[in-house]
Every structure is written in C-alpha cells, then in structure tokens.
Amino acid sequence: MRRFIRPHLAFGGLVGTLTPPALASPSALAPAGPDAARVALWWWIMFAIACVVFVVVVALLIYALMRRRGQGAFHRPLPPQQERRWFSFVVIAGGIVPAVTLSTVMGVNVYGERRAAQEAAQPRLTIQVIGHQWWWEVYYPRGGFSTANEIHVPVGQPVELKLTTADVIHSFWVPQLSPKYDLIPGQTNTLTLTAQRAGTYRGQCAEYCGLQHAHMALVVVADAPRDYDAWAARQVQPAANPPAGSVAFQGQQLFQGSACVYCHAIRGTDASSRLGPDLTHLASRLTLGAGTLRNNYGNLAGWVVNAQAVKPGNKMPPMYLSSGELKALMTYLESLQ
Ligand code: CUA
C-alpha cells in the first residue's frame, strides 16, 4: 500500500476535501419552466391540504386534552348513542375523507400530466441522455456530438429528452425544469422540457444507483437561442490538434499512448472509446466528475492523478505521472475548448 501515500496522489484527495461544491442546490419551488411549474403548483396544493389536516388534528388533540371525564371515566362505557357518533366520526374523518382527498389529488394529477404530455409543443430539438454509474452521457443526434453531465438547451424552445441507461436504474431530475423521470434498462422514456429563463440549473440523479449516487449530478445550461447555436457549432467541431513539438502536443501523445484511450473519446484523434465521458470539448464544461468539482486546472489535475480519492468507486484508476507528464497532459486537456 506504500505507493498510495505518494504525495501526488494525496493531492487528489486534498482537491476532493477542500473544494466547495461545484453547483448550488436548486429549489423545486423556484421553477424556470412550465413543466417544473406544474410540479411546484402541486406541491403548494398538497402543502395546503396538509396544513388543514394538521390544524384539524391539533384542534382535536387539544379538545381531547381539555375534556374532563371525571374519576374512572375511562372504564365506564360511553352511552350507545355517543359511541355510535364517535365511531362514525372516526370512519368519516379517518377513512373516507383521506381516501377521497388522496384519490382526487392523484386522479387530477395523472389527468393533468397526460394532458400536458399530449399538449406538449412539437419539440425543436432531441437529445439522448444515457445514465451510467455515475455520470450522464449526453448525445445530440443533430450535430452528432456528445457531452457529459452537461446539457445545453435554447431558452423558450421545447426540448425532447430520450432517457435510457447503460447499467442500473437512474432518475433524471432537474428540480427547476422538470419532474423526475426514470432511466430504465432496455427502455427509452421521453421527457419534454422547456426552459423559460436563461440560466444554469443543477440536476441530480434521484434514484439510488450505488456508491456514488449522490455524486451523480448534472447541469442544464439554458442559453439564449443565438448563444445556443454558437455553443452547438463549437461542439460539432473536432478537437483542435496542438502544433507539433508544443507542450500540448506532448500531452496529446501521452494521452494517446496511455490508458486514457481505453475509456475516452476525443473526436479528431484516434481515441474513440465510449466507456467514459467524451472529452472532445472537456475544457468548455462547468464541472468534473458529474458535478463533483468545478472544472478548473487544479481540480482537473487532482482528478486525473487520483480520481478515486475524490469519488471513490468510480471507474477511473489513479494515473502514475511525473510532474512533467502531468503538466503536458493538463496543457493538452485544457486546450480542449
Ligand atoms: Cu444514478 Cu442515482
């Protein structure tokens, strides 16, 4: 085990423990689109119902506490008429009212979701989202490019997400933009969402999927349509090749000659494996490790050197690099804008 306390590996652990969370926590009660607004509305309706129930229960409790029955009253049976009255009260308030309320809420909700799905505007854009333990593969069929853990959408346009998984069940949830939709093996679920405000929205896997379920976040960036087009035009491009002899060029050689290529793809090079995230435009992304870290030089270096210290159990092994090699590799990766 001695090699695991090498200083450069400890650096990875330091990165994991000292950096603040990469993304702020979102609230489902601050919706930024009609699909999340529906969920928020239901939250408030159910909250109001729960408040009424709470008030009634507390009132009954106070009533029961205040009522004096006199010595030994608990052992005397109630008069039959009173007994019947209380029995009907329990049946109505404890059985019928909750059953009617809950079935009405559920019925209206299911009907509303169905209607919303039917009325959903024709999507302008389709994006495939594939869940992995523990990251999100995002593929844009129009343009033919992939990103990871980051979905860009144009503001005001309905976007269709085709959701599936490469391994276990995950659940796609961007509280400010969408309801929860499961990603199920062998099945594709379709979710339509529209972002009405430009912004960066944190999403989270909402179905326990293993050790790093909590570190399976994503970010949806809603861009003004012109910014979106510019972003998509950049993503379509293959990675730029660094000039021969430069430090970035050495990094590229190192990348292609090492274990990196067994898992990652960089379009425009020979690296084309799809086991891990596509790195073609890695440096343009906001986070690393599915929302675990901000994407900056130090965090990326820590992640490359020892991703296990940051996110134990993920499939990326530690890399044993000299400081010169790390610098070259980092220069190359940072050039992947
Ligand atoms: Cu994926 Cu939890």
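Tutor: The buried residues of α2 are Asp35, Ala36, Ala40 and Trp42. Buried here means under 20% relative accessible area, exposed means over 50%, and partly exposed lies in between (1.4 Å probe, protein chains only). These buried residues of α2 pack against α3 and β8 (189-193); contact means heavy atoms within 4.5 Å. Helices (H or I, at least four residues) and strands (E, at least two) are DSSP runs, numbered from the N terminus.

This is a predicted model, in which local features need pLDDT of at least 70, side-chain atom pairs count only at pLDDT 80 or more, and totals for chains, interfaces and linings use all residues. Residues are numbered from 1 along each chain as its sequence is written, and side-chain values use heavy atoms, with hydrogens and water left out.

Now the helix itself. α2 has 33 residues. From first C-alpha to last, α2 reaches 48 Å, close to the 48 Å expected at 1.5 Å a residue. The expected span is 1.5 Å times one less than the number of residues.

Next, the surface. Val52, Val56, Leu60, Tyr63, Trp86, Phe89 and Val90 form a nonpolar patch there. Together they have about 610 Å² of accessible area, by the Shrake-Rupley method with a 1.4 Å probe, where for residues only the protein chains shown count as cover. Patches are made of residues with over 30% relative accessible area and no salt bridge; nonpolar side chains (Val, Leu, Ile, Met, Phe, Trp, Tyr) are joined within 5 Å, like charges within 9 Å. A salt bridge is a side-chain nitrogen of Lys or Arg within 4 Å of a carboxyl oxygen of Asp or Glu.

α2 (34-66) and α3 (80-119) each supply at least two residues of the patch. The largest share, four residues, comes from α2. Tyr63 sits in α2. Tyr63 is partly exposed, at 40% relative accessible area. An α-helix has 3.6 residues a turn, so residues three or four places apart point the same way.

Last, the record. UniProt (unreviewed entry) places the feature "transmembrane region" at residues 40-65 and 86-108. Its positions are given in the numbering used here, feature names are shortened, and annotations may be inferred rather than shown by experiment. In the model, residues 40-65 are 100% helix and 0% strand, with end C-alpha atoms 37 Å apart. Residues 86-108 are also 100% helix and 0% strand, and their end C-alpha atoms are 32 Å apart.
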